[in-house]
Amino acid sequence: MNNIILCGFMGSGKTVVGKELAKMTGRRFVDTDELVEKKQGIPIKAIFEIYGEDYFRDLEYEVCRESAALKNTIISTGGGAVTYERNVQALREGGKIVFLDADFETVCERIGDSTTRPLFQDKEKARALFDARRPLYEAAADITLDGSMSAYKTAMEIAQMLK
């Protein structure tokens with residue numbers, strides 16, 4: 001099987017599950033947000049503040065294309081990555097997209113009062129964004145899993161699917 005691409009809202013567990021799944025399966029793990037930061041040399045919050053969201057989304061698209069070309073990799077995408085069709089198309093070429101469908105309350109518990117999440121500074125706006133993105137995650141996904149489970153349990157379910 002090719003890559004496993006994890007998508008979902010911020011705080012749905014993509015990075016934690018992805019790292020756990022990589023350990024279980026011996027696959028490489030990459031996080032598209034980390035790759036964007038490495039490519040630009042500054043944190044995502046600073047990219048948003050200095051260059052704006054459109055600039056960030058262009059970098060994210062480059063990273064999605066590059067990640068999809070990898071083999072046997074667990075790819076954790078940023079919360080907005082698969083809300084853009086060009087990213088979905090690029091990622092689909094590299095593997096299966098798994099949507100970690102965590103409810104908003106779980107997301108809030110996991111994120112807490114985060115100052116590093118530019119799109120989560122206002123909970124009402126974050127809720128509206130969550131509601132708007134959910135159907136896009138569902139449309140992009142080949143597989144949907146309950147993202148409210150523990151990272152270990154979620155990773156185990158995905159690993160079972162790989163067999």
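Guide: Buried means under 20% relative accessible area, exposed means over 50%, and partly exposed is in between, with a 1.4 Å probe and protein chains only. This is a predicted model, in which local features need pLDDT of at least 70, side-chain atom pairs count only at pLDDT 80 or more, and totals for chains, interfaces and linings use all residues. Residues are numbered from 1 along each chain as its sequence is written, and side-chain values use heavy atoms, with hydrogens and water left out.

Visitor: OK. Is T77 buried or exposed?

Guide: T77 is buried, because its relative accessible area is 2%.

Visitor: Where is T77 found?

Guide: T77 is in the loop between strand 3 (73-76) and helix 5 (85-92). Helices (H or I, at least four residues) and strands (E, at least two) are DSSP runs, numbered from the N terminus.

Visitor: And what is T77 in contact with?

Guide: Contact means heavy atoms within 4.5 Å. Leaving aside neighbours within four places in sequence, T77 is in contact with I5, L6, C7, K14, T32 and L91.

Visitor: Which other residue is in the loop between strand 3 and helix 5?

Guide: Y84 is one of the residues there. Y84 counts as partly exposed because its relative accessibility is 30%.

Visitor: Changing topic: what are the buried residues of helix 4?

Guide: They are F56, R57, L59, E60, V63, C64, S67 and A68. These residues are on the same side of helix 4, because they cover an arc of only 165 degrees around the axis. The arc is that of the directions from the helix axis to the C-beta atoms.

Visitor: Why would residues some places apart point the same way?

Guide: An α-helix has 3.6 residues a turn, so residues three or four places apart point the same way.

Visitor: What span should helix 4 have?

Guide: The 16 residues of helix 4 should span 22 Å at 1.5 Å a residue, and the end C-alpha atoms are 22 Å apart, which agrees. The expected span of a helix is 1.5 Å times one less than its number of residues.

Visitor: You listed A68. What does A68 touch?

Guide: Not counting residues up to four places away in sequence, A68 touches N3, I75, A90, L91 and G94. A68 counts as buried because its relative accessibility is 9%.

Visitor: At what angle do helix 3 and helix 4 pack?

Guide: Helix 3 (residues 44-51) and helix 4 pack at an angle of about 130 degrees, and their axes are 7 Å apart. That makes helix 3 oblique to helix 4. Angles under 35 degrees count as roughly parallel, over 145 as roughly antiparallel, 65 to 115 as roughly perpendicular and the rest as oblique. Axes are lines fitted to C-alpha atoms, for helices over the stretch in contact, and angles run from 0 to 180 degrees between N-to-C directions.

Visitor: Which residues meet there?

Guide: From helix 3, I44, I47, F48 and Y51 meet E53, Y55, F56, R57 and L59 of helix 4.

Visitor: What about helix 5, which residues are buried?

Guide: N87, V88, A90 and L91 are the buried residues of helix 5. They lie on the same side of helix 5, because their arc around the axis is only 165 degrees. These buried residues pack against strand 1, helix 4, strand 4 and helix 7 (123-140).
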